[in-house]
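Okay everyone, thanks for coming. Let me put the structure up, and then we'll walk through it together.

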Amino acid sequence: MRRRLLAPAVLLLATALGCTEADPGASGPPPALPAAEPEVRPLGRIVPLPASVKPGGAPYALTAATRVGASGHPGVRAVAEQLAAHLRPATGFRLPVVADPAADLALALDPAAAALGDEGYELRSAPGRLTLTARTPAGLYRGVQTVRQQLPADIERTTVRHRSWKIAGGTVRDVPRFPYRGAMLDVARHFFTVDEVKAYVDRVALYKYNVLHLHLSDDQGWRIAVASRPRLTAVGAAAEVGGGPGGFYTREQYRELVRYAAARHIEVVPEIDLPGHTNAALVSYPELTCDGKAPEPHTGIDTGFSSLCAEKEETYAFAADVLGEIAALTPGRFLHIGGDEADSTAPADYRAMTDRFQPLVARHGKKVMAWHQLAVDGVPAPGTLIQYWGLDRTPGAEKEKVAEAVRAGAGVVLSPADRAYLDMKYADDTPLGLRWAGTVSVRRSYEWDPGAYLPGVPESSVAGVEAPLWTETLSTPEHLDTMAFPRLPGLAELGWSPAGGRDWDTYRVRLGEQAHRWDALGIAWYRSPEVPWPAGR
Ligand code: TNX
């Protein structure tokens, strides 16, 4: 009894003292964080957690006299310009980008820094000098996200704040654990405009994601113009869940999205879901159905009823046309051919069709990516990237099929639905989202290890993780925000940070601190009771 009476007082005291360490043993909501951010954020107290942090020395400060130094390399110059553009509105400083390596804020490539790999970076911070070094421009770009997060959240504001802009002293040396860190957006169930997708790209870039997977076709709608098949968009784009107007991207708009992502060192993986999830295509081209009859447009959320027709040569001509054009729009390595939930496709037909679809991808020099049914009911081509979306409770035999594909040369991206699906409800009372995979709390989405998740799949075969955001129940950018924040940053940490250095009790404090930044960015985040949020928010 005494203890229970005392507990709230202890929590209040801890808060008043600015103690930010959440009590792992506490039941109920963790104590709030101090209302205000510290003037200088401790080095490395960011998301995702850096691989190595050596704090020390006095901080670096941006000033009105700061110049951003970049070598003549166009990739370095571009990242320097992005950084300066990001820092100007809130600081009000001029921040000229100059070709002077002695500038106080200097970006440089070190081609010999092999240990930094394709995306690693080193950040050194000391009075009067901040240097960011990487082997590639992508590494510099990831390092810029660290610079942003080390600065006060006010740096994200679009109007001038008169305050100090300090970065704690010391060195961060940081490399990702996995090369593939993806975010998927379903623009088929509800359509999202180019600007709305760009806003999502900006959000994932802050957490060092490097892949945007776009789910471009499904039963409800076809969302990308295909010149050789104009009815796909003239007819097949005009529906979405709930009966809204739908929509699609012209090829120019799509190229614009790919460029926008590429400028953030994010690769776009387009998905054309085959042979199921094809009702919108069948509505557009009824000759693709086995009986030749056009189905009704679909505005519901059930799945598994549509299929292309294995016996018809039209099917393969259609797939060749579509995949050929999508490949031509795709500078990235992968074409995702779906392959999930083909519940109305006979097993032999599934095998026959996926056997013929995969070479169409290879013909254009691309690699196949597919949901893990391809490993269960089909035979993945060598080098295929299998996206696992099962659950903890998925039968071992099904997981074993994925392990078998890995032994035959496939790679795996992990999106376990009961961990990584951002469209699952957080809790029973979450208004948005689905719950077929159960509820997925912030803690549940964070507390698993991608390197040791699937039996028989060693860490070396895991390309990384992906956080899918399906949109059956999500129709506005605010809806996307609410489901992605705060789980999206945690999945980024699973993909980026070393397994050893992270745990829930310290993570949730780092996560809570991010709320200042989300507010500055106008992100409509969900106030999960598992996380200690800044007092008053
Ligand atoms: C399963 S994941 C699906 C999607 C749904 C999603 C909803 C996958 C490959 N198929 O068609 O949108 O669940 O959570």
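So, one term before we start: two strands count as paired if DSSP finds at least two bridges between them. Strands here are DSSP E runs of at least two residues, helices are H or I runs of at least four, and both are numbered from the N terminus. And this is a predicted model, where local features need pLDDT of at least 70, side-chain atom pairs count only at pLDDT 80 or more, and totals for chains, interfaces and linings use all residues. Residues are numbered from 1 along each chain as its sequence is written, and side-chain values use heavy atoms, with hydrogens and water left out.

Okay, the sheet. Seven strands make an open, mixed sheet, running β1-β9-β6-β7-β5-β3-β4. At the edges sit β1 (52-55) and β4 (97-98), each pairing on one side only. Now look at β6, residues 121-126: it runs antiparallel to β9, residues 170-174, over five bridges. Which residue in β9 is the bridge partner of E122? That's R173.

Zooming out, the protein has 17 helices and 17 strands. For 537 residues, a compact globule would have a radius of gyration near 24 Å, and the protein has 24 Å, so that agrees. That's over C-alpha atoms, with the globule rule being 2.2 Å times the number of residues to the power 0.38. The C-alpha atoms fill a box of roughly 75 × 70 × 45 Å along the principal axes.
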